[in-house]
Amino acid sequence: MSHDKTYQAYKNSGVEWLGRVPEHWVTKKLLYWISGYGSGTTPSKEDEYSADGLPWVTTGELRENTVSSTEKCVTQDALKNNSALKLHPAGSLVIAMYGATVGRLGVLGVNATLNQACFAIHPSEKVRIPFLRNWFEGFRNELLALATGAGQPNISGDKIRNLLLPCPEDLSEQLAIITHLDRETARIDALVEKKTRFIELLREKRQALITHAVTKGLDPSAKMKESGVEWLGEVPEHWDVSPVRYAVKAQAGAIKTGPFGSQLTASEMLGGYHKVYNQKNVIEGDLSSGDNYISDEKFSQLSSFRVFPGDVLVTTRGTIGRVCVAPDDIELGILHPCLMRVQLDEAKMKNEFFATLLGESHILQSQISYLSNASTIEVIYSETMASLVVPIPPLNEQRSILYFIQTHASKLDSLIRTSERSIVLLKERRSALITAAVTGQIDLREAV
């Protein structure tokens, strides 16, 4: 903490997860501190919505922000005719009460109505809204713990109103805490944003380095030729350029997608001795994880979908085009319906080179979009994969390129990991600072 001065005397707050609070702070239910509150409802008639009506806030619009405009608005008539629909004043703190958004916060920048999944706390003379906002942010996990319901957890307005809140009654002390937190969290947020942008630049540099290496080679003086593919441009003159179908093994099923439809159902993957490799395995680069297994009998029926050492596995649905190479010691198993295997002729193209070309360069992704006739790809078919035009350097160059990428990309990966860890630590520090400040673990009355 940048300021670790503590108060002279403390007392038990009476709340187990709050612990001690400054002796002069008052711990009372939220109802004591606030002057007004309420939730809302969803208008039942379409004509109760209006483009130029009163803002109507939903949980999707609560993102630790100031809410000044909403996707939908409601009419004055809707407000008059529906007693559950209330107008809440600007400056109110709004908390999400239902579903995956439980605990999200927002502050009304304008007078607004709410749907039934939102709860508003109005400005009060006893407690400043920014203090409450920080308090609810600092104790989001405790708020989530109060939520009930298995499918769609929710927390009631009654539970929120009856939360015990320790707080200094002196508004100037509240303001000192708010001012310090605003300054320090803004500084941390700026650092996080800066590091996030740095990571983006590192990833862009990494992709550019790999794309250049696998499409232009490592020799800047090499004579170039047109590849005939718009997204590929020029390639070294001595390289081959051909569709993937000419680089795979000369055997049936060298490019093969997993079983489809009734060939393999979810209930058939609940137990057995033979693994079903799925998208998560490939996306996470961990082929040893997962619990999808099939019986000996089912494996025999689907043996044409077997995964072999060296197969390049490609995700074909949802997260498209993620790849990994099956290791030599891979467990006996088959493809999931959302995977494809590509079995390359390594006398022409190394498995790792193709995996890098497909998974680490945007060049083939552009081709896939074009061949799929879609800007957003929903699925890759085996015919699309077979039609992709790829650059094929001589094998010795493929090895050199892979070594170059491994050496240089690993340095960038290390920088990315370090920056990501730094962001985690900054966010942890931000959270700890807020919690310490709103519970009086640090004295900020004289903070500069």
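**Exercise 1.** Which residue takes a positive phi just after α6?

*Solution.* The model is predicted: local features need pLDDT of at least 70, side-chain atom pairs count only at pLDDT 80 or more, and totals for chains, interfaces and linings use all residues. Residues are numbered from 1 along each chain as its sequence is written, and side-chain values use heavy atoms, leaving out hydrogens and water. Helices are DSSP runs of H or I with at least four residues, strands are E runs of at least two, and both are numbered from the N terminus. Helix α6 covers residues 171–216. Just after α6 comes Gly217, with a positive phi of about 85°.

**Exercise 2.** Compare the span of α6 with its expected value.

*Solution.* The expected span is 1.5 Å times one less than the number of residues.

**Exercise 3.** Describe the setting of Glu64, a residue other than glycine with a positive phi.

*Solution.* Most residues other than glycine have a negative phi. Phi of Glu64 is near 55°. Glu64 lies in the loop between β5 (49–57) and β6 (65–67). Its relative accessible area is 42%, so Glu64 is partly exposed (buried is under 20%, exposed over 50%, partly exposed in between; 1.4 Å probe, protein chains only).

**Exercise 4.** Characterise the chain as a whole.

*Solution.* The chain holds twelve helices and 23 strands. Its radius of gyration is 29 Å, well over the 22 Å given by the globule rule for 448 residues, so the chain is more spread out than a compact globule. This radius is taken over C-alpha atoms, and the rule is 2.2 Å times the number of residues to the power 0.38.
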